[in-house]
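Student: Could you take me through one part of this model in detail, and then say how that part's domain meets its neighbour?

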Amino acid sequence: MKKIEIQMTVNGDIFELAVSPTDRLIDTLRQDLGLTGTKEGCGEGECGACTINIDGKAVLACLMLTVQADGATILTIEGLQKGRKLHVLQESFISESAVQCGYCTPGMIMASHALLKQHPQPDEDLVRQGLANNLCRCTGYERPVKAVLAAVDNYKERADD
Ligand code: FES
Ligand code: FES
């Protein structure tokens, strides 16, 4: 199959890639770019494990073709950390014990990141709505919700994140 040349910015770095028209974005991120923090659960848009941010919005990488990301600005869980400093959401998920097996965590955090970009001061209902598409088999959702709410004040202080 003829390859298509695309360019995308991922975590601040520009990548020029030749991809197949049928390549999924999740595979390009994980296999071609080595960004395995983005997880695949269902592969069909149901679990949220593959959530990344594109142009500031939460997107399911398993449902998107890589060619559709031509020209996009993508943020994955690897791009949140600044050097050795974790993002405030990452810190909150740890301090609130919102991580158990951790498989859903990158997707949860990226969904939360997009939510806080749009709604810097969400109430609990809004946080629950923001995480509604992210399934977790371990935590029962209470702790992730608490973690996002705990991050809100710090997030405001670090609006550049
Ligand atoms: S792996 Fe994408 S939604 Fe489940
Ligand atoms: S922490 Fe295990 S699936 Fe969410």
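Tutor: Strand β1 pairs in the parallel sense with strand β5 (residues 73-75) over 2 bridges, where strands are DSSP runs of E of at least two residues, numbered from the N terminus, and two strands count as paired if DSSP finds at least two bridges between them. The model is a predicted one, in which local features need pLDDT of at least 70 and side-chain atom pairs count only at pLDDT 80 or more, while totals for chains, interfaces and linings use all residues. Residues are numbered from 1 along each chain as its sequence is written, and side-chain values use heavy atoms, with hydrogens and water left out.

Turning to the domains, the assignment, which is automatic or from a database, gives domain 1 (4-79) and domain 2 (88-157). Their centres, taken over C-alpha atoms, are separated by 21 Å. Across the boundary, 17 residues of domain 1 are in contact with 14 residues of domain 2, contact meaning heavy atoms within 4.5 Å. Domain 1 and domain 2 bury about 1,200 Å² between them, with 61% of it on carbon and sulfur atoms; this buried area is the accessible area (1.4 Å probe) that two parts lose on being put together, summed over both. The count of salt bridges between domain 1 and domain 2 is 0, a salt bridge being a side-chain nitrogen of Lys or Arg within 4 Å of a carboxyl oxygen of Asp or Glu.

On the side of domain 1 that touches domain 2, β3 (51-54) and β4 (57-60) each supply at least two residues, and β3 gives the most, with 3 residues. By class, that side of domain 1 has 6 nonpolar, 7 polar and 4 charged residues, where Ala, Val, Leu, Ile, Met, Phe, Trp, Tyr, Cys and Pro count as nonpolar, Asp, Glu, Lys and Arg as charged, and the others, Gly among them, as polar.

Notes
Chains are lettered from A and ligands numbered from 1 in the order in which they are written. Helices (H or I, at least four residues) and strands (E, at least two) are DSSP runs, numbered from the N terminus.
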